[in-house]
Amino acid sequence: MLPSSLKSIYTQYKIDTDSVANWLATTAMANGYADNASSSNNVLVNKSGRLKGKAQKQANKGAHQPQPGVLVNKNSRTIRIRDFAPMASYIAKIDSVKVPDHLTVALERVIWVRKNFLKRLDDSGAEVEPDSDERHSFFVGVLEKVRDCLKPLMETTGSFNADEAAKKAGEKSQDPFNNMFDVLEVYAPSEAFLNASDVASKSATDLKYTVEQDESMEDAIFALVALLGDYTRLRQEIESLWADYKANRLDLAAAAVATNMAFELARSMEDEITPIVSKHGRADSLATSYFIVLCKLSGIDAMGNKQPGDAYNLEAYNLAQLCLINTISLLTSYADGNSGNLIIANYNGKFGWYDEELGAEGETNRAKWDQDKTAIMEVLPDLQFLSSNLGTGAVEDELIRGIGALMNNPGVGTPLWLAWAAQIYIGVLQFLGSNCGRGFNEMKQESLKIKKAMLDVPSSQERSRVLKAATKWDMDPISTCRRQMIQLELLPDNSPPAWRFLHRNPIHCGLLFHNMRVNLHISGVTYAATPGGVMCTTQLYHALRQEKLLSDHLAWEDLETFWNMQGDSAVFVGDPPTNRDDYFKNYCLCIGVSASNFAPTKRKGKVNVNTANRRNMKFKGWVSLVINGRLAPTGERPPLSSDLIAGILIEGRRHETLDGKGHIRPEIKEKAKNGTIDAVTLSPGPLIRKLALNIHTEIPDIVFNYFTMHNSAWNFLTELKEEFTRLLGVEFLQYIPTKDKLPFVVGYVFSTAAGRRGLTSDDKGEAVDAGIDAAVKVMRKFLEEGHERVVKEQAETEVEPEELKDAQFGDLDPWRLDRLITKIKKESQAGRRVGRGAEEDCPVQ
């Protein structure tokens, strides 16, 4: 069972109620409880999962009329609220039963939360149906009867502290939002709670019992308030991440990836409450109604004193922020006015323009509202374009996905998670103020570094994959589209400057940054592993170090970094060899020779092969790689929940201990054997921070340029081959028949140093130092010439755009701009809407 601390507030509340239902049902049935009621609607199963006697006949009669309490599937069954008290009364007569501490806490907590939330809801003056109020109160009354029945069986140590809960909830304040949400603070996990072991009861059968869903308006409001509270906490964590980025304590990609994952998590949280909220209309409508109630409590007329362009009375700006009304109104208006067959819209500045210098420093509610409104209105057309088939990018963040879904079906309303994500976008943009373009500049610099490094890499699939990611935004497809439409006189010539979308979107820039790094890593590892040049060079470097033939000041820093990252198992079979004969044997094993060839009884003849001996390079940064896969523009897919994020982090820890073949790395085997991978027990906000820190920690692993490392090793091996050719003549080239066999030069060094003419013991001859001496000479010269830290210097050196102005990277058109322009022309000839001109009204009124 996943720790409840990973769950949203509403889900934790449901876990409490379901745990009560599950314990009552399983305990009662395990002790012979049978329902004697005459009603066919009051049916319980016995511990075998089957009905008995009269209950069975009554169930058969109503088999085609699904009712509460009927088995839905073999693993789940719903228990009616009115069944709670009879079961509790039955259990109370069994002396051998004790109520577990965690069940006592859950029961007391649910009672306290429901009673106090209902009281504050009543005090708020919110209008709810009388029957809904009665149903809500009925459940509280049932739970209190259950508690009273079971009190003699309860342990005192685990009781719920109502005084502490009241203190946590605080006194009634002037803030109506906090008045409601503070009741739910009991589900904010303490440090002790987070560190506690999972004590949930185990069912004697595979059956799990849950309580029937309360579909009252109170429960819907309860779920909404819980969701808004979760969003508030999550927003605070994201704000702290971007503060760390601004202070250079956190990488851009780490902050952006975590923020995008928070968007997914917010969507998952909303999905949890959708079944109950949807019974009372659209979620955005319920949020709006709740906002109006809060305004009334605060003495504000929510729809009074509005000016053109206002969505509500701006006196209530802060309440609107908490209830997501700002972005709900803006997104809804935009979707209503711009859905349908539209290639790109163009905000016409009707309500002014976003002020980067002002950022979040607006002193009045109107100044803040104007900044919010213009920021989102200027970016929405770009998001809409990127959500279309024409605008598919290298990555697709949740804002793009969400806007695409909204524009395709605006009638379903604006999802709360999307309104919250848009609010986060605005918040990050305004927080960075005039420095909002910093992320774009960092992303551009990374692109320049990668493209410059690729100039030294010959054409290959791996190179093309890297360049496709790095050159994706060399041209701005949004600006290209608008320019074409201006030429066709479909838009006025007042379009924003090129790349404004990226300049104002550090979140998307960070995701592009992350995607470029991951592509560089995956493609680079593949590129470097196949020829084996880095592996063989590392083996030779180790041998020269082991033989003390290289002075300490001559360290190949890049190669040592590679070795430390990949571990011994990427270079050696077993422990690193310590003598000349073992250098040769290890080399042979690593290129796929079977160990049986070295057996004393092995006769000359065909060489035995064992491909399992061949070494594998390992893809590093497992969490970064998995998250990058979710950024691919694949359309709709299930959102990432908190338990899945925790699972990814735990699996990432496990992958740190493995080599390229999926085995525990030999050098840490003892540590891995004695250690355990702890569960991740964090609430959603801290969980997002942990994800960000994990991404940040993995950056050195995925930015190391394996292309450059391969080139450096290959250059060294080439110089070594040339030295042997000079010493031994062209006859030496028979050992290197083709260019791709260059790593065999290391085999020649090891075989001559070990006196080996072949693999068997009969092939043992006199050792010759000429080969290893030549290798020492060439490596010394290579390192002294400054090749020891090429990868590191490449990463540390800024690249100016002028350095690549004449660079050619092949026929790359990642956006298929030719197809885009053809599409625009075709649509315009057909007389369809392809843009929104300046003479048209902005859809926000």
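Trainee: Is Tyr748 buried or exposed?
Mentor: Keep in mind that this is a predicted model, where local features need pLDDT of at least 70 and side-chain atom pairs count only at pLDDT 80 or more, while totals for chains, interfaces and linings use all residues. Residues are numbered from 1 along each chain as its sequence is written, and side-chain values use heavy atoms, leaving out hydrogens and water. Buried means under 20% relative accessible area, exposed over 50%, and partly exposed in between (1.4 Å probe, protein chains only). Tyr748 has 16% relative accessibility, so it counts as buried.

Trainee: How many aromatic pairs are there?
Mentor: Rings of Phe, Tyr and Trp (its six-membered ring) pair if their centres lie within 6.5 Å; planes under 30 degrees apart are stacked, over 60 edge-to-face, and the rest tilted. With that rule, the count of aromatic pairs is 28.

Trainee: Okay, what kind of pair do Trp556 and Phe716 form?
Mentor: Their ring centres are 5.8 Å apart. The planes make an angle of 75°, so the pair is edge-to-face.

Trainee: How many residues apart in sequence are the parts that this pair ties together?
Mentor: Helices (H or I, at least four residues) and strands (E, at least two) are DSSP runs, numbered from the N terminus. Trp556 is in the loop between helix 22 (533-546) and helix 23 (557-566), and Phe716 is in helix 29 (residues 706-728), so the tied parts are apart by 160 residues.

Trainee: What is the relative accessibility of Phe716?
Mentor: Phe716 counts as buried. Its relative accessibility is 0%.
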